[in-house]
Amino acid sequence: MKETTTIRAELEQYIRREGITISKFGENTGINAGTISAIINGNRPIAMLLLDRIEAGMGLEEGSLYELYIDEFIRNTAPNWRRVRPFLYRCAELNKLDCIKQVLEFMMDYLIYAPTLFETAEELFREGKFEAAAIIYRNVSESEKYQHSERLALCQYRLFTIAVGDDQDENLWAATHFESFVDRLGEADQLDALRDLANAYASLRRWDKVECLAEKMREKAKVQYEQKYGNTKRSERGKEPKGPLFMYIVYSYVLHAGVWDERGDYQKALEYVSLYSDLSWVQEDTEEARHLKEQCRNWAEGNGYLYQLMSGSLDVIPQYVDYLAKNKGEILVGLHKIMVAANRYDFNVDQVLQRFEKQIEAFADQHVKVGTYTEQMSADLYARFLAEIACYDLNKDRYSKGMKFLLESLSYSVVLNGNPVTIRCVGLFEKYRHAASSEDKAEYKKLLREVEYIHDKKDHFFLARI
């Protein structure tokens, strides 16, 4: 197609080339012959439904005429939201992202459309069309970057949510970029944003950040809780967060306990566990609230065993293992901590590993989302678990098995771009290089080259060149 062509010209040429009448084309497409004639004569604009039928009738791939449509009916005419909105949705369905960008370049000259474009992005976000939504969020953000509006903050929140994935460097950038926008959100959205940010920083192992965000979430949730269940009139309350308010308070305790666990202060971690094991203060009594309270008690039981184990109380292992057997969503985090304790205190957990052998084999397919943990936390946890079990086997001179887990962990840390796990694997391999087979050494060298490639692309890397 020539750049100067039009949909009308393409349609007319097709009818002539195929030697069919307008009426016949109308029968083939289900479009009234008069409508087709009016389109060819330039007397009628083309609606999206008609455009898709015309493309199908001409035997074209879906979306083939969309760029011509932008030139004829969007860019070179006054803005018409009744025409733009369905076009954006159809482009999102077909993943015609370049077309969305072209439309937005034109529409953002008319700032009056920023609110409606934002609502469109919200609908696409809810439907899981994240790439299309992100393009709109970015354009709306750019148009409002000097206004410090709540809508700007919501755009940044959605962009943060969309951006978080496997690459931990990208996650760090997304989290630090979004953090300054949290306080501009409405009170209810702030709680969800603080929770999501804390989870992102937890997967990045930035524990000072997690602690700060958890405390901020607790304080804000307590204020809202008192407002809701105190003397505040219902009409004075604003939008409420997604979940019951008490859960944000409880989850802050869970995060705090995790922070002290990572710092090695297990007594402090157990103090926070006690705060969410007793929920007698909770006033919500819905079915959802009752279910969540039971879940919190379950967490308290499991984490109580976990932090006792990490402090060196090995006698809780049988109880903890029984707990894990009943709570499949906690098996990965539980086994990881058991392996950490086994390596730290040098005790044998072969029977534990044997009991969960099938689950361990299945982790490779299941680690993307485990239990109540986010995808990023689960993925990071899986890579660290592999490193711990590798260390355990290598320490017991089970070199073949240990190297298998080590290389698997290193391979996965490359995907995650997770530097701490990679460094741990490199240290282990160099320590046991003498026991590695020639195949192991070749695989190790290959993986390190992948690490170098990733970090060269980002202009920073931490390993010496081979």
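User: Is Asp346 buried or exposed?
Analyst: Asp346 counts as exposed, at 64% relative accessibility. Please keep in mind as we go that this is a predicted model.

User: And where does Asp346 lie?
Analyst: Asp346 is in the loop between H18 and helix H19 (350–355). Its backbone is worth a look too: phi is positive, about 55°, although Asp346 is not a glycine.

User: What about phi of Arg205?
Analyst: Arg205 has a phi near 65°, a positive value in a residue other than glycine. Arg205 sits in the loop between H12 and H13, and at 25% relative accessibility it counts as partly exposed.

User: Since we're there, how many residues does helix H13 have, and how far does it reach?
Analyst: Helix H13 (residues 207–229) has 23 residues and reaches 32 Å from its first C-alpha to its last. That is close to the 33 Å expected at 1.5 Å a residue.

User: Which residues of H13 are buried?
Analyst: They are Trp207, Val210, Leu213, Ala214, Met217, Arg218, Ala221, Gln224 and Tyr225.

User: What covers the buried residues of H13?
Analyst: The cover includes helix H11 (168–179), helix H12 (187–203) and H14.

User: Changing topic: which residues touch the most other members of the largest nonpolar core?
Analyst: Phe87, Ile100 and Leu117 do, in a core of 161 residues. The largest share of this core comes from helix H14 (residues 245–262), with 13 residues.

User: What does Leu117 touch?
Analyst: Not counting residues up to four places away in sequence, Leu117 touches Trp81, Leu88, Leu104, Met107, Met108, Ile136 and Val140.

User: Back to H14. Asp261 lies there, so is Asp261 buried or exposed?
Analyst: Asp261 counts as buried, because its relative accessibility is 7% and the cut-off for buried is under 20%.

User: Which residues does Asp261 touch?
Analyst: Leaving out residues up to four places away in sequence, Asp261 touches Tyr266, Ala269, Leu306, Tyr307, Met310 and Lys337. Asp261 and Leu306 are 45 residues apart along the chain, while their C-alpha atoms are separated by 9.4 Å.

User: Now cysteines. How many disulfides does the structure hold?
Analyst: The structure holds 0 disulfides. As an example, Cys91 is in no disulfide, and the nearest cysteine sulfur, that of Cys99, is 4.7 Å away. Cys91 is buried, at 0% relative accessible area. Cys296 also counts as buried, at 0% relative accessibility.

User: What feature does UniProt place at residues 11–65?
Analyst: The UniProt record, an unreviewed entry, places "domain: HTH cro/C1-type" there. In the model, residues 11–65 are 62% helix and 0% strand, and the end C-alpha atoms are 10 Å apart.

User: Where is Glu61 found, and is it buried or exposed?
Analyst: Glu61 is in the loop between H4 and H5, and it is exposed, with a relative accessible area of 65%.

User: Why is helix H5 described as largely enclosed by the rest of the structure?
Analyst: Because 7 of the 10 residues of helix H5 (residues 66–75) are buried. Those are Tyr66, Leu68, Tyr69, Ile70, Glu72, Phe73 and Ile74. They pack against helix H1 (7–18), helix H4 (48–57), helix H6 (81–94) and helix H7 (97–107).

User: Last one: what pLDDT does the chain average?
Analyst: The chain averages a pLDDT of 88, and 91% of the residues score at least 70. Over residues 367–373 the pLDDT is below 50, and this stretch has 20 contacts in the model beyond near neighbours in sequence. Residues 457–466 are also below 50, with 24 such contacts.

Notes
Residues are numbered from 1 along each chain as its sequence is written. This is a predicted model: local features need pLDDT of at least 70, side-chain atom pairs count only at pLDDT 80 or more; totals for chains, interfaces and linings use all residues. Side-chain values use heavy atoms; hydrogens and water are left out. A nonpolar core is a set of buried Ala, Val, Leu, Ile, Met, Phe, Trp, Tyr and Cys residues joined through side-chain atoms within 4.5 Å. Buried means under 20% relative accessible area, exposed over 50%, partly exposed in between (1.4 Å probe, protein chains only). Helices (H or I, at least four residues) and strands (E, at least two) are DSSP runs, numbered from the N terminus. Contact means heavy atoms within 4.5 Å. A disulfide is a pair of cysteine sulfur atoms within 2.5 Å. UniProt positions are given in the numbering used here, feature names are shortened, and annotations may be inferred rather than shown by experiment. pLDDT is the predictor's confidence in each residue, from 0 to 100. The expected span of a helix is 1.5 Å times one less than its number of residues.
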